[in-house]
Amino acid sequence: MHCQLSTVNCQLGIYGVIAMNLRPEEISSIIKQQIESYGAKTKTEDIGYVLQAGDGIARIYGLENCMYGELLQFENGINGMALNLEEDNVGCVLLGFEDDIKEGTSVKRTGRMVEVPVGKELIGRVVDPLGKALDGKGEINTGKFRPIDFTAPGVVERKSVNKPLQTGILAIDALTPIGRGQRELIIGDRQTGKTAIAIDTIINQKGQDVICIYVAIGQKASTIAGIVNTLEQFGAMEYTIVVSSTASDMATVQYIAPYAGCAMAEEFMFNEHKDVLIIYDDLSKHAVAYRAMSLLLRRPPGREAYAGDVFYLHSRLLERAARLSDELGGGSITALPIIETLAGDVSAYIPTNVISITDGQIYLETELFFAGQRPAVNVGLSVSRVGGAAQTKAMKKLAGPLRINLAQFRELAVFAQFGSDLDKATRDKLAQGERLLETLKQPQYAPIPVEEQVVILYTATDKYLMDLPSKEVRKFNSGLLSFIRDRYPQVLQSIAETGEMKPDNEALLKKAIEEYKADYLR
């Protein structure tokens, strides 16, 4: 014992001598170094514990500094997203199945918002909303991530929409044109051809330097597989990303799907300065998934049991669609959200919300669909608030008379069904309307280039079809296009290059129509 004490005293004496030989500022610098190196060696983590878990929701105690929308990590590797920040706990939605998550499971903060991988490597792939491959073509390593929730560009960062995004569908490009950076709603009952319009639009972007993103929300897996096969068949997967959240996925995964798709689109818009087309199919199911999640989080229910912020749910998503100013590179995101109505009720809660956010709607009607009008676009209720600003001059010139003639036809058709005697002018208007409606019919997966649309509309509005039976209008139009492609290709080339119908070109087109019609009627 005595030896030990003497050893300690000896050591203390040495340290005392060393301390006496050092100046005070040297001692303070040594202490500072020791404190700094101690801080570098230690790492603090904010850890909480699960109070209860079930139905894709976990309540966590102990994460006092947690942020809204932050990514949380459970001890078994499952991720979650903090959505309810309450006084004594955090309500977290799980982004994976909760098999091993139970009371007492530890959870740690990551300090990051929920992110998805973004970049060119995703093009041509089918991924889930977290960016994991679903197509069996191997892992996707992009090296870049973006948060799924991002502030929409402000007014100063935007530019007015004036460049058309052609759908290849005559009824839409002529009457409800879509511009790059616009948000155009596709609305209608189930099985009226909403997805068909979206898929045709993607197919029509071939060679247009537009990246397409198709977001499936709560769809059947077989339906999504069919869409992917169709896109591959027409060579559209070369410029398309499919984000898939199936009906069997958790409500939380369906909830983040459109935001994940939008984050992927923003990478191309902001950093690659590209034009992007994004389709949300459909936001009705997205709202239902959010309602399920909100009720499980015990948020107060509002109208139709949706949470009070269901308007903000879609407005913060759709406002991210924009056409950027030239200073920011001039890229754009064009959004085509889809909404399903019940029995044509556009005044329901979610349809009215989304109609008020978007720049117009394409309304598809069940009666028109069953009457054989495909696409079943109701040209009276459909509208584009961008209008002629997103059309070429040639199309704009022809679209005006087309809209007026169709409106007059709708009015007169109501009186004509009573079978009363009609004067010649009225009969002519009805005959013209029938031929215009027949002209607007178009098969699926057969988009028409804009220059050919102009030729078809010119023929219809200038009454070249009046002495043909209405059943033969489509046959005549397809024959006419083949004839012009063979004999007068310069007509189509001029319209495609200039976007205008110049007088000499118009004279040549008239000559071509008259020549073909003479042959056809012979």
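Predicted model: local features only at pLDDT ≥ 70, side-chain atom pairs only at ≥ 80, totals over all residues.

Mentor: Residues are numbered from 1 along each chain as its sequence is written, and side-chain values use heavy atoms, with hydrogens and water left out.

Trainee: Which residues does the cis peptide bond with omega of about 0° join?

Mentor: That bond links Asp 281 to Asp 282. Helices (H or I, at least four residues) and strands (E, at least two) are DSSP runs, numbered from the N terminus. In those terms, Asp 282 sits in the loop between strand S13 (275-281) and helix H7 (283-296).

Trainee: Where does Pro 375 lie?

Mentor: Pro 375 is in the loop between helix H10 (366-370) and strand S16 (383-384). Arg 374 and Pro 375 are joined by a cis peptide bond, with omega about -5°.

Trainee: What is the phi of Glu 304, and in which loop is this residue placed?

Mentor: Glu 304, a residue other than glycine, has a positive phi near 55°. The loop that holds Glu 304 runs between H7 and helix H8 (310-318).

Trainee: Is Ala 343 buried or exposed?

Mentor: Buried means under 20% relative accessible area, exposed over 50%, and partly exposed in between (1.4 Å probe, protein chains only). Ala 343 is exposed because its relative accessible area is 77%, whereas Glu 304 counts as partly exposed at 42% relative accessibility. Ala 343 has a positive phi near 55° and belongs to the loop between strand S14 (332-340) and helix H9 (349-357).
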